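Here are my notes on the model, as numbered points. Please read them with the structure open.

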Amino acid sequence: MSLTPDSEVRSRDELVSFVRELHQEYLRNGHDWENGTLDAFLEALAAWMQDSPGWYRNFGKELSDGRDWTFLARALQAATVYE
């Protein structure tokens with residue numbers, strides 16, 4: 001499971017598949033992750049999102065300002081209570 005700078009997630013279904021692959025990767029190799037706890041993962045997620053304009057610039061990509069940010073925020077929040 002890997003996203004290259006040219007990879008794109010184009011639909012909700014592709015995002016669901018990606019998150020499931022990420023979960024399976026964690027189950028297999030989470031002990032090797034730099035941010036293997038929930039608190040470290042969420043802090044790294046926030047830090048990367050804050051610094052992401054530089055990442056996008058470095059790869060000549062345009063950072064979306066669209067609804068996908070709201071969807072991701074809602075999904076993260078819902079995961080705190082969803083069964």
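1. L72 sits in helix α3; helices here are DSSP runs of H or I with at least four residues, strands are E runs of at least two, and both are numbered from the N terminus. L72 is partly exposed because its relative accessible area is 30%, where buried means under 20%, exposed over 50% and partly exposed in between (1.4 Å probe, protein chains only). Its C-alpha atom lies 9.6 Å from that of L15, although 57 residues separate L72 and L15 along the chain.

2. A word on the source: this is a predicted model, in which local features need pLDDT of at least 70, side-chain atom pairs count only at pLDDT 80 or more, and totals for chains, interfaces and linings use all residues. Residues are numbered from 1 along each chain as its sequence is written, and side-chain values use heavy atoms, with hydrogens and water left out.

3. The chain has three helices and zero strands, in the order α-α-α from the N terminus. Its C-alpha atoms fill a box of roughly 35 × 25 × 20 Å along the principal axes. Of the 83 residues in the chain, 5% are buried. Among contacts (heavy atoms within 4.5 Å) with a separation of 6 or more, 27% join residues 24 or more positions apart.

4. Which residues are closest to the centre of the largest pocket? The pocket holds about 2500 Å³ of space, and of its 48 lining residues L15, F18, V19, L22 and L72 are the closest to the centre. A pocket is an open set of points on a 1 Å grid over the protein atoms alone, where a 1.4 Å probe fits and protein lies on both sides within 12 Å along at least five of seven lines; lining residues have an atom within 4 Å of a point. Grid points are joined across faces, edges and corners, and the volume is the space filled by probe spheres set on them.

5. Helices α1 (12-29), α2 (38-58) and α3 (68-78) each give at least two residues to the lining of the largest pocket. That lining divides into 29 nonpolar, ten polar and nine charged residues. Asp, Glu, Lys and Arg count as charged, Ala, Val, Leu, Ile, Met, Phe, Trp, Tyr, Cys and Pro as nonpolar, and the others, Gly among them, as polar.

6. Helix α2 has 21 residues and spans 28 Å from first to last C-alpha, close to the expected 30 Å, which is 1.5 Å times one less than the number of residues. At D51 α2 bends by about 55°, and the proline P53 follows within four residues; the bend is the angle between axes fitted to the seven residues ending there and the seven starting there. Just after α2, G60 has a positive phi of about 65°.

7. F41 is in α2 and counts as partly exposed because its relative accessibility is 31%. Leaving out residues up to four places away in sequence, F41 touches W33 and N35. Y56 is also in α2 and, at 22% relative accessibility, counts as partly exposed. With the same exclusion of residues up to four places away, Y56 touches W48, K61, E62 and L63.
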